[in-house]
Every structure is written in structure tokens, then in C-alpha cells.
Amino acid sequence: MIEVQTIQVGELDTNCYIITDTETESIAIIDPGDVSKKLQKIAQRYAEKIKYILLTHGHFDHIAYAKYLQNTTNAKIVISKIDEPLLKDNMLNLAIPFDGRPVPEVQADITLQDNDILPFGNTEIRFLLTPGHTKGSGCFLIENHLFTGDTLMKLSIGRTDFPNGNIGEMKNSLRRLAELKQNYKVYPGHGNLSDMQYEKMYNPYINSVI
Ligand SMILES: [Zn+2]
């Protein structure tokens, strides 16, 4: 079983999630999007326990603290193969266009393809490639928890008008999420938590594709 803690980081209030496998106390951190005192404390205290830094996509507001965590903990940096180049390109990851300054470049340790599975404590993490917001955007599925990054947000979706975005791909990705059988809890990259049943009922973007 896992427990999820949310820490909001950065000017864009990115949701950074701390996932703990309660039986083994293994930790994974999703989208450490900015410098954070809380994250720094967690890194110092649990350096050995942190197995993965999982990046839903390569935008600066989801990756900015990954390098620090890679340097100070046991964690491996995980991102889709397709979005990997954004980790070293401060134009493509939007740091320069949006924020006017670069974020630390970071080398991925593991790159993912659609449906790849990572062992995590007594459970596992499945990666769903869900392009649209960026070409290599994805969701992480852990037990009944779905971490959607900027693909799906409560009653909304991520922008598709950035250089790597594509509205057609986004629609296919939303359809795929809507077809998941279980009523997964949804943990988006920004904003409030939700669940798939609620999104299928009320999210206008999902409604337009199912
Ligand atoms: Zn984004």
C-alpha cells in the first residue's frame, strides 16, 4: 500500500507528490518542480529510501529540483524517452521563455516507453504515455492512484499550444484515460485532486472525446 503527501512548489504551484510504500518505506517523488525547504528536508532525512524521481513531463516547473535530488539521494531520475531531451534544453522546457532563467540540467537514469513497469517496494509503478501537453507526457499509475501531470487536471487539461503540444494527441490520451476501468484517484500537476468517475461526468474535455 502507498501513502501520498502533496507539497506545492514554485510560482506555478506545481503539485509535487511524495509516495511512500508503507511496508518497505521506499519513497518516490513525482515532479519536484522547484527549490523547496520541505523537499530538502525529506531528501536529507530519507536519502537512502528515495528510489525514484518520477517526471510526468519535461517542463521546467516539474523538473527544476530533480538535479539536486539526484545529487543528494539514492534516487534515479525517470522520464519518458520522448521528453528526455527537455531535461537539457532550457528553451524547450520553457524555463527561459517563461521564467527568464535556466533550471539545472539533469541526466535521466531511466527512460520509459508506454506501459513500462518499475518495481517499487512491495508494489509497482506503471507508466502510461499520454502525449498532447508535450510529446512525451505521461501518467504514473500506482495501485488505485493516477498521477496525471499536466495531461488531466480537475475539470481541465494542460495547454496544447506549446512547441511540443498537440490537441489531437491530447484527445486520444484523454480517451485512453477515460477507458481505464477502475475509478482511479487523480493527482494532477496543478490544482485539486479528483477521481476518474468525477472527471468522466463533469470534465468538458473528457466529455468531448467519449
Ligand atoms: Zn507542463
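Select strand 1 (2-9) together with strand 2 (residues 14-21): the two run antiparallel and are joined by eight bridges, where strands are DSSP runs (E, at least two residues) numbered from the N terminus. Within this pair, zoom in on Gln8, which stands opposite Asn15 in strand 2. The model is a predicted one, in which local features need pLDDT of at least 70 and side-chain atom pairs count only at pLDDT 80 or more, while totals for chains, interfaces and linings use all residues. Residues are numbered from 1 along each chain as its sequence is written.

Next, select helix 1 (residues 37-45), which packs on the sheet and touches strand 1, strand 2 and strand 4 (50-54), its direction making about 140 degrees with that of strand 1. Helices are DSSP runs of H or I with at least four residues, contact requires C-beta atoms, placed from the backbone, to lie within 7 Å, and angles, from 0 to 180 degrees, are taken between N-to-C directions of lines fitted to C-alpha atoms, for helices over the stretch in contact.

Now widen the selection to the open sheet, whose six strands follow the order 1-2-3-4-5-6 with mixed pairing; two strands pair if DSSP finds at least two bridges between them. Strand 1 and strand 6 (110-112) each have a single partner strand, so one side of each is left without a neighbour in the sheet.

Move on to another open sheet of six strands, in the order 7-8-9-10-13-14 and again with mixed pairing. Its edges are strand 7 (117-120) and strand 14 (194-195), each with a single partner strand. Finish at strand 13 (residues 185-188), which two bridges join to strand 14 in antiparallel fashion, with Val186 opposite Ser194.

Notes. Two residues are in contact if their C-beta atoms, placed from the backbone, lie within 7 Å.
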